[in-house]
Amino acid sequence: MIEQMKDRLGLAFFTFAAVVSALAAWEQPTVLAWLAAWHNAILAAVYARRKPAKSYDRRGLVLGILAALLPLAAPYPAEMPVPVLIIGLLGYGLVLWSLLVLGRSFGIAPADRGLVTRGPYRYIRHPMYLGELILRAALVISSPQPLLATALLVVLVIIQVIRLLREERIINAYGTYASQVRYRLIPGVW
């Protein structure tokens, strides 16, 4: 009963985010704004079909919600230089590829819904977080409020690092995977 309630709340959250981001994209149509709307719609669809968790990190749920809400505090820039837009699109592409590969294993809180080792997860252990941070860095470069955007990016980096460390502790057989895929977030560095 409680699990079903959490699933419905999560679905409602992502559906709401999809509607709000679609309305924002309608008012200020940019490629990244429309990608955000599609991203949130995909999140809602994937979340609705996710696997039940074998184990679950309740404290990590708060971090996941913060990571989902934090980017909403900084508006998408109306215009971006083409090179910065390309970097942002590459980041978004990595986010979407990771999400589609995760499929039913996706969740907000660190949970064990099965280890995914294909797609971008063959090369880096947390590609969705890397893609999001690349996208957010591109947004900071073009932000009309660079100080706010930079502060939010720093907080998001801290939250994502804590989340990924929590995920690594909770997922079964993660040690074997970590020995095969060396880097967590930044290829060649960490």
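Reply: We will look at the nonpolar cores, then a charged residue, then a surface patch. Keep in mind that this is a predicted model.

Me: How many residues does the largest nonpolar core have, and which have the most contacts inside it?
Reply: As a general idea, nonpolar side chains tend to be buried together in soluble globular proteins. Here the largest such core has 28 residues, and Phe-14, Tyr-92, Phe-106, Tyr-121 and Met-128 have the most contacts inside it. Helix 2 (31-48), helix 4 (82-102), helix 5 (127-142) and helix 7 (174-180) each supply at least two of its residues. Helix 4 gives the most, with seven.

Me: What does Phe-14 touch?
Reply: Leaving out residues up to four places away in sequence, Phe-14 touches Asn-40, Leu-43, Ala-44, Tyr-47, Phe-106 and Ile-108. There is also a second, separate core of 16 residues, with Leu-70, Leu-94, Tyr-129 and Ile-159 among them.

Me: What about charge: where is the nearest side chain of opposite charge to Glu-167?
Reply: That side chain is Arg-163, 4.6 Å away. Glu-167, in helix 6, is buried yet has no salt bridge, because the cut-off for one is 4 Å. Beyond its neighbours within four places in sequence, Glu-167 is in contact with Pro-110, His-126 and Tyr-129.

Me: And which residues form the nonpolar patch on the surface?
Reply: Leu-165, Ile-186, Val-189 and Trp-190 form it, with about 330 Å² of accessible area together. Leu-165 lies in helix 6 (residues 146-170) and counts as partly exposed because its relative accessibility is 30%.

Methods:
Residues are numbered from 1 along each chain as its sequence is written. This is a predicted model: local features need pLDDT of at least 70, side-chain atom pairs count only at pLDDT 80 or more; totals for chains, interfaces and linings use all residues. Side-chain values use heavy atoms; hydrogens and water are left out. Patches are made of residues with over 30% relative accessible area and no salt bridge: like charges are joined within 9 Å, nonpolar side chains (Val, Leu, Ile, Met, Phe, Trp, Tyr) within 5 Å. Accessible areas come from the Shrake-Rupley method with a 1.4 Å probe; for residues, only the protein chains shown count as cover. Helices (H or I, at least four residues) and strands (E, at least two) are DSSP runs, numbered from the N terminus. Buried means under 20% relative accessible area, exposed over 50%, partly exposed in between (1.4 Å probe, protein chains only). Lys and Arg count as positive and Asp and Glu as negative; His and the chain ends are not counted. Contact means heavy atoms within 4.5 Å. A nonpolar core is a set of buried Ala, Val, Leu, Ile, Met, Phe, Trp, Tyr and Cys residues joined through side-chain atoms within 4.5 Å.
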